[in-house]
2 protein chains.
Amino acid sequence: MSRYPDGVSFVRVIALGGVGEIGKNCSIVEQGDDIVVIDCGLSFPNEEMLGVDIVVPDFSYLIENKEKVKGVFLTHAHEDHVGGLPHLLRDVSVPVYLTEFTHALIRHKMEERLPNKKIDYRIIPAGEIVKVGSFAVEFIRVTHSIPENCSVAVNTEHGYVLFTGDFKLDFTPVDGKLTDLKRFGEIGEEGVVLLLSDSTNVERKGWGPSERSVAEGLRKVMSTAPGRVLLTTFASNIHRMQQVYDVAKETGRKVAVVGRSMERNIDICQSMGYLTIPNGVGINLDEAKTLPPNEVAILTTGSQGEMLSALVQMSKADYGRLQIKEGDTLIYSARPIPGNEGPIWRTINRLFQLGCNVIYDSPLPIHVSGHAYQEELKMMINLTKPFYIAPVHGEPRHQFLYNQIAMDMGYPAHRVFTLEAGVPLEMDEKNARLGKAVHTGVVLIDNSGTPGVTPEILRDRFSVANDGVLILSIAVDTLAGEIVGDPTILTRGFHGSPGMIERAQDIMTDAISSLKKEEIKDLDRIRNDATTIVKKFMAKSGKLRPLIVAAVIEV
Amino acid sequence: MSRYPDGVSFVRVIALGGVGEIGKNCSIVEQGDDIVVIDCGLSFPNEEMLGVDIVVPDFSYLIENKEKVKGVFLTHAHEDHVGGLPHLLRDVSVPVYLTEFTHALIRHKMEERLPNKKIDYRIIPAGEIVKVGSFAVEFIRVTHSIPENCSVAVNTEHGYVLFTGDFKLDFTPVDGKLTDLKRFGEIGEEGVVLLLSDSTNVERKGWGPSERSVAEGLRKVMSTAPGRVLLTTFASNIHRMQQVYDVAKETGRKVAVVGRSMERNIDICQSMGYLTIPNGVGINLDEAKTLPPNEVAILTTGSQGEMLSALVQMSKADYGRLQIKEGDTLIYSARPIPGNEGPIWRTINRLFQLGCNVIYDSPLPIHVSGHAYQEELKMMINLTKPFYIAPVHGEPRHQFLYNQIAMDMGYPAHRVFTLEAGVPLEMDEKNARLGKAVHTGVVLIDNSGTPGVTPEILRDRFSVANDGVLILSIAVDTLAGEIVGDPTILTRGFHGSPGMIERAQDIMTDAISSLKKEEIKDLDRIRNDATTIVKKFMAKSGKLRPLIVAAVIEV
C-alpha cells in the first residue's frame with residue numbers, strides 16, 4: 001500500500017504524457033505495489049525539433065519501477081495512444097491488454113518496430129473485468145473515429161479511476177455499436193473517484209455531428225461530380241471508408257484504393273468483418289481505368305500532406321499509377337494535424353492547378369471530428385458523477401476551458417485539477433493533492449530510430465538551419481608549435497555579403513599565427529581562439545550566427 | 001506602342017508576385033515604352049526556406065527595362081504591398097506614388113532598409129488623376145484594415161486596368177471614410193478592360209462584418225473582465241486601436257501601449273489626426289501600475305507569436321516592464337498568418353498557464369477580416385463591369401474559386417484568367433491572351449539582409465537540420481603523397497546509433513589509406529572518396545543523410 005508519511009494509504013495517478021499537449025497519451029495508476037499503464041502513445045515533433053522523427057514519453061519512472069508494472073491497456077489503435085509502446089516494451093516486459101480490433105491493426109507495425117521481442121498480447125472484449133495486481137480493470141465501449149474504441153475504468157481501493165480515452169457520443173454510429181451508456185452510469189453509481197476526460201474539442205459548443213452525417217456530403221458530391229471522385233482520409237478511419245463504399249454503390253460508382261496503409265487496413269477490416277464492401281463495388285486501379293470517370297471513386301492516403309503519399313505524388317503529376325485530370329474532384333475528408341498545414345495546402349493548391357476541384361471546407365458535411373463537444377463532455381460528467389475531475393488530451397487552453405465548464409457545473413475548484421506531466425495526483429479516502437513530480441520528459445527519436453536527440457544537437461541544427469556552418473580547417477605541428485599549411489574556412493549553407501568569408505579567414509589566420517609556440521601546441525587553445533574570433537566577426541559584420549566548427553588536425 | 005507580330009497594339013499586364021500565392025504583391029502594366037508598377041511587396045518564407053528572413057519578387061524584368069519604368073503606385077502600407085520596395089529601388093530609380101498616410105507609415109522603415117538612397121515620393125490623394133508616361137493613373141478610396149487604402153485604376157489605350165488592391169466593402173468604417181462606390185461605377189461606365197481583384201476571402205460566403213462590429217466584443221469583454229484587459233493586434237490596424245481607446249473610455253479603463261512598432265504607429269497617427277485618443281484615456285505603463293486592474297487596458301504587439309515581441313516575452317514571464325497575473329484577460333484580436341500557428345498557440349497556452357484568460361475564438365466579434373467576402377467580390381464586379389477578370393492576392397485555390405464565381409455570374413471562360421507570375425496577359429482591342437513568360441521568380445534574403453540565398457544553400461541547411469553535419473578532417477602531404485596524422489570525423493547536430501561514427505571513421509581511414517601515392521596527391525580524389533564512402537555507410541546503416549563536408553588540408 002502506498003502511504004503518505006502520516007500513514008494514510010493513497011492511489012496515485014500520473015500522466016507521463018498527454019496533459020498540456022495533444023499527443024503521446026500515457027498515464028499510470030499506482031496503488032501499493034501495482035501499476036497499470038493506460039495507453040502508450042507518441043507525438044509528432046514540433047517545428048523546433050529539427051530532424052526528429054517521433055517523440056515518446058520518458059519512461060524512466062516505469063523502468064525504475066518495472067517490477068510493479070502489471071499491465072498496459074490500450075484504448076484504441078491511433079498512434080498517439082499506441083506509438084510509444086515499442087519504446088516502453090524494449091525495457092519493461094509487461095502484458096498488453098487490448099481489443100481484438102486494436103490488436104489486428106497494430107500488431108504488424110509493432111513487429112516492424114520491435115522485431116526481436118514477442119509481445120504478450122491479452123485480447124479482451126469491452127465489458128470484461130480483468131484482475132491486474134490489486135486492480136480490477138475493464139474496457140467500456142465508447143464511440144470514436146475508429147472501431148472498438150474504449151474507455152478504461154480502473155477500480156482502485158478508493159473507487160474507479162476512469163479514463164474516457166478519446167471519445168464522442170455518437171448515437172448513430174456507422175457500425176451500430178453504441179456507447180455503453182449504461183455501464184458508465186453503473187460505475188458512476190458505484191463511485192468514480194477521478195474522471196480523466198478527453199478535452200480536445202472543449203472549444204466547440206453543443207453536440208458534435210454523427211459520423212453518419214458525412215454520408216450526406218458524400219452523396220451530394222458523388223452523385224453530381226462530373227468525373228472521378230477521390231477521397232482522402234486517415235487510413236484508420238474505417239467508418240468513413242465504409243460510408244464511401246456504401247454511397248458509391250448508391251450513386252453508381254466503384255471504389256479503388258491507393259496507398260499502402262489504407263489497402264492493408266481495408267484488407268484486415270474486411271477479413272475481420274469490420275468493413276463490408278458491397279458486391280462488385282471494390283475494384284482495382286486497372287479496372288478503374290476502363291470505366292467512365294463518373295463511375296469511379298478512389299480512396300487515397302495523404303490527408304496530412306505526407307511527402308511520399310500517393311495523393312502528394314499525384315498532385316505533383318509524379319505518380320505512375322494514377323494521373324489527376326481536369327474534371328476530377330477530391331474530397332478532403334480530414335483535418336490538418338497542427339504543423340501539417342503547409343504541405344497540405346500546397347498539395348490542395350497543386351491539385352487545383354491540375355484542374356481538380358477540391359472540396360475541403362464545405363457547408364456539406366464531408367468530415368466530422370471523433371472528439372466530444374462541450375455538451376457531450378458534460379454528459380460524460382453527469383453520467384459518471386466523478387468526485388475529482390482532470391481533463392487530459394488537451395493543451396493548457398483546453399484544460400483551462402474544460403475546468404471552467406466543470407466549475408460552471410458546480411464543481412468546486414479543489415475538486416478540479418490541471419495536471420502536468422509527471423506530477424502525481426494522490427488521492428486518499430478524504431483528499432486529493434498534487435504530489436512531488438517523478439522523473440519525466442520527452443525522448444526524441446531520430447530518423448534512424450535511435451532515441452536520445454539532445455537539446456544540444458537541436459541547437460546546432462537550428463544554427464545551421466538559420467545561417468549555415470563554417471568549418472575552420474587548421475593543421476598544427478604540435479611538436480614544433482607551428483601552424484602548417486594555410487588555415488581555411490569552408491562553408492555550407494552559409495550566405496552572407498560578398499567577401500565576408502575571405503575577411504574572416506584573414507582575421508582568423510592573423511590571430512592564430514600570432515600565438516606563441518607554446519600556445520600553438522595547445523589544440524584546445526587554437527580551437528577556441530579561432531572559433532571565438534570568427535564568431536564575433538560574423539555577429540558584428542552581418543548579424544549572422546552560423547555554427548562554427550574548428551577542425552584542427554595534429555600532423 | 002507594343003505590337004503583336006501581326007502589327008496590332010496591345011497592353012500587357014504582368015504579375016511579378018501575388019498570384020498563386022498570398023504575399024509579395026507586385027504587378028506591372030506595360031504599354032509601348034511605359035511601365036507602371038502597382039505595389040512592391042514581400043512575403044514571408046515558408047517552412048522549407050530555412051534561415052530566410054524575407055522573400056521578394058525577382059525584379060529582373062524591371063531592371064532590364066528600367067528606362068521604361070515610370071512610377072510605382074503603393075495601394076497601402078502593409079508589408080506584402082510595400083516591403084519589396086527597397087530591393088527594387090536599389091536598382092531602379094523611379095518615383096513612388098502613395099497617399100499621405102502610407103508615406104507617413106512606411107518612410108522610416110524605408111530609410112532604415114535603404115539608408116543611402118533618397119526616395120522620390122509623390123504624395124497624391126485618392127481621386128487625383130496622375131499622368132505617368134502614356135498612362136493616366138488614379139487612386140480610388142476603398143476600405144481595408146488600414147487607413148487611406150486605395151484601388152488603382154490605370155487608364156490604358158484599351159480601357160482601364162483596375163487593381164482593387166486589398167479591399168472590403170465596409171459601409172460603417174471606423175474613420176467614416178467610405179469606399180468611393182460612385183467612382184468605381186464611373187470607370188465601369190467608361191470601360192474597364194481588366195479587373196484584377198483581391199480573392200483572399202473568396203472561400204467565405206455572404207458579406208464580411210464591418211470593422212465597427214468589433215466594438216461589441218470589446219465592450220462585452222472590457223466591461224466584464226475582472227482584471228486588466230490586454231489586446232493584441234497588428235501594429236498597423238489603427239481602426240482597431242481607435243476602437244480600443246473608445247471602448248476603454250466607455251467602460252472606465254485607461255489604455256497603455258507596449259511594443260515599439262505599435263507605439264510608433266500610434267504617435268504618427270495621433271499627430272496626423274488618424275487616431276483620436278479621448279482625453280485622459282492614454283497612459284503609460286507606470287501609470288497603469290497605480291490603477292486598479294479593472295481600470296486598465298493594454299495594447300500590445302506579438303499577435304503573430306514573434307519571439308522578441310512584448311506579448312511572447314510576457315507569456316514566458318520574461319518581460320521586465322509587465323508581468324501577467326491571474327485575473328488578466330487577453331483578447332487575441334488578429335488571425336494567425338499561415339506558418340505562425342505554432343508559436344502563437346504556444347504563447348496562448350503559456351498565458352493560460354499563468355492564469356490569464358485568453359479570448360481567441362469567440363462567438364463575440366473580437367476580430368474581423370479586412371478582405372472582401374463573396375458578395376462583396378461580386379458587387380465589385382457588378383460596379384466596374386470589367387471585360388476581362390483575373391483574381392490576384394490568392395493561392396491557386398482562391399483563383400479557382402473566384403473564377404468559378406465569375407463564371408456563375410455569366411462570364412465566359414475565355415474572359416476569365418488564372419494568372420501565373422511572369423506570364424503576361426496581353427490585351428488588344430479585340431482579344432486577350434497569355435503571352436510568353438518573362439524572367440521572374442523569387443529572391444530570398446537572409447538575416448543579414450543579403451539577397452540571393454540559393455536552392456543549394458537551402459538543401460545543405462535542410463540536410464543538417466535533419467541529420468546534422470559530419471566533417472571529415474584529413475591532412476595530406478601532397479609532395480610525398482601521404483596522409484598525415486589521423487583522419488577524423490567531427491560531428492555536429494548528428495545523432496545515430498552508438499559506435500556509428502567510430503565505424504565510419506575506420507572505413508574512411510581504410511579507404512583513403514589504401515590509395516596509391518599518385519591518387520593521394522589529388523585532393524579532389526580524396527575528398528570525393530572519403531565523402532562517398534561515409535555517405536553510403538550512413539544511408540545503409542542508419543537511413544541517415546547528414547551533410548558531409550571533407551575538410552582536406554594540404555601540409
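The model is predicted.

**Interface between the chains**

- The contact involves 54 residues of chain B and 54 residues of chain A.
- On chain B, the elements that each supply at least two residues to the side touching chain A are the helices α11 (341-353), α13 (396-408) and α14 (455-467), together with the strands β22 (469-477), β23 (482-492) and β24 (547-554).
- Helix α14(B) provides the largest share of that side, with seven residues.
- Sorted by class, the side of chain B that touches chain A comprises 22 nonpolar, 19 polar and 13 charged residues.
- The copies meet through the same surface, because 100% of the interface residues of chain B are also interface residues in chain A.

**Domains of chain A**

- Chain A is divided into three parts: domain 1 (11-206 + 369-446), domain 2 (211-359) and domain 3 (455-554).
- Domain 1 is assigned as two segments, 11-206 and 369-446.
- The centres of domain 2 and domain 3 of chain A, taken over C-alpha atoms, are separated by 54 Å.

**A three-stranded sheet in chain A**

- Three strands of chain A form an open sheet in the order β23-β22-β24, and their pairing is mixed.
- The edge strands of this sheet are β23 (482-492) and β24 (547-554) of chain A, each of which pairs on one side only.
- On average, neighbouring strands of the sheet are turned by 15 degrees against each other, direction ignored.
- Strand β22 (residues 469-477) of chain A runs antiparallel to β23(A), and eight bridges join the two.
- Within this part of the sheet, I471(A) has L490(A) in β23(A) as its bridge partner.
- Helix α17 (residues 523-542) of chain A packs on the sheet, where it touches β22 and β24 of chain A.
- The direction of α17 makes about 150 degrees with that of β24(A).

Methods:
Residues numbered from 1 in each chain as written. Chains lettered and ligands numbered in written order. Predicted model: local features only at pLDDT ≥ 70, side-chain atom pairs only at ≥ 80, totals over all residues. Domains from an automatic or database assignment. Contact = placed C-beta atoms within 7 Å. Pairing = 2+ DSSP bridges. Helix = DSSP H or I, 4+ residues; strand = E, 2+ residues; numbered from the N terminus. Axes fitted to C-alpha atoms, helices over the stretch in contact; angles between N-to-C directions. Nonpolar A, V, L, I, M, F, W, Y, C, P; charged D, E, K, R; others polar.
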